[in-house]
Amino acid sequence: MGLISLVWGIVALLWMVLAFIPLLGWGNWFLIPFAAVGAIIAAIGVLFTHASKRGRAKTGLLLNGLVIVVGVIRLSLGGGIL
């Protein structure tokens, strides 16, 4: 679960960078739910993984959480469209 959430977070992060391009901000509407699913997968990984092997799941949770926060801020600045 940790590796899946980490890869999911990296893909979401790359997608977020693409959504920073002007007139592509609408991509955040799809990015936020995508990252939320990744955060749920990471949370499940943190819950069901042994304490010594939670690093990837925690990193995935952090990446997906960061993408969600930045996506919401970007949408609020652009009025939800740009």
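Trainee: What share of the contacts between residues at least 6 apart in sequence join residues at least 24 apart?
Mentor: In this predicted model, the share in the protein chain is 73%. The chain has three helices and zero strands, arranged α-α-α from the N terminus on.

Trainee: How do you know that the span of helix α1 agrees with its number of residues?
Mentor: Helix α1 covers residues 2-19, which is 18 residues.

Trainee: Which residues of α1 are called buried, and what makes them so?
Mentor: G2, S5, G9, A12, M16 and A19 are buried, because each has under 20% relative accessible area. They cover an arc of only 100° around the axis, and therefore lie on the same side of α1. The face turned away from that side carries L14 and V17, which are exposed.

Trainee: What covers the buried residues of α1?
Mentor: The cover includes α2 (28-48) and α3 (55-77).

Trainee: Why is α1 called roughly antiparallel to α2?
Mentor: Their axes come within 9 Å and cross at roughly 165°. Angles over 145 degrees count as roughly antiparallel, so α1 is roughly antiparallel to α2. The crossing is left-handed.

Trainee: Which residues meet between α1 and α2?
Mentor: On the α1 side, they include W8, V11, A12 and W15. Among those in α2 are F30, F34, G38 and I41. A12 is also one of the buried residues of α1.

Conventions. Residues numbered from 1 in each chain as written. Predicted model: local features only at pLDDT ≥ 70, side-chain atom pairs only at ≥ 80, totals over all residues. Heavy atoms only, no water. Helix = DSSP H or I, 4+ residues; strand = E, 2+ residues; numbered from the N terminus. Expected span 1.5 Å × (residues − 1). Buried < 20%, exposed > 50% of the residue type's maximum accessible area, 1.4 Å probe, protein only. Arc of directions from axis to C-beta. Contact = heavy atoms within 4.5 Å. Axes fitted to C-alpha atoms, helices over the stretch in contact; angles between N-to-C directions. Parallel < 35°, antiparallel > 145°, perpendicular 65-115°, else oblique. Left-handed = near helix turned anticlockwise from the far one by under 90°.
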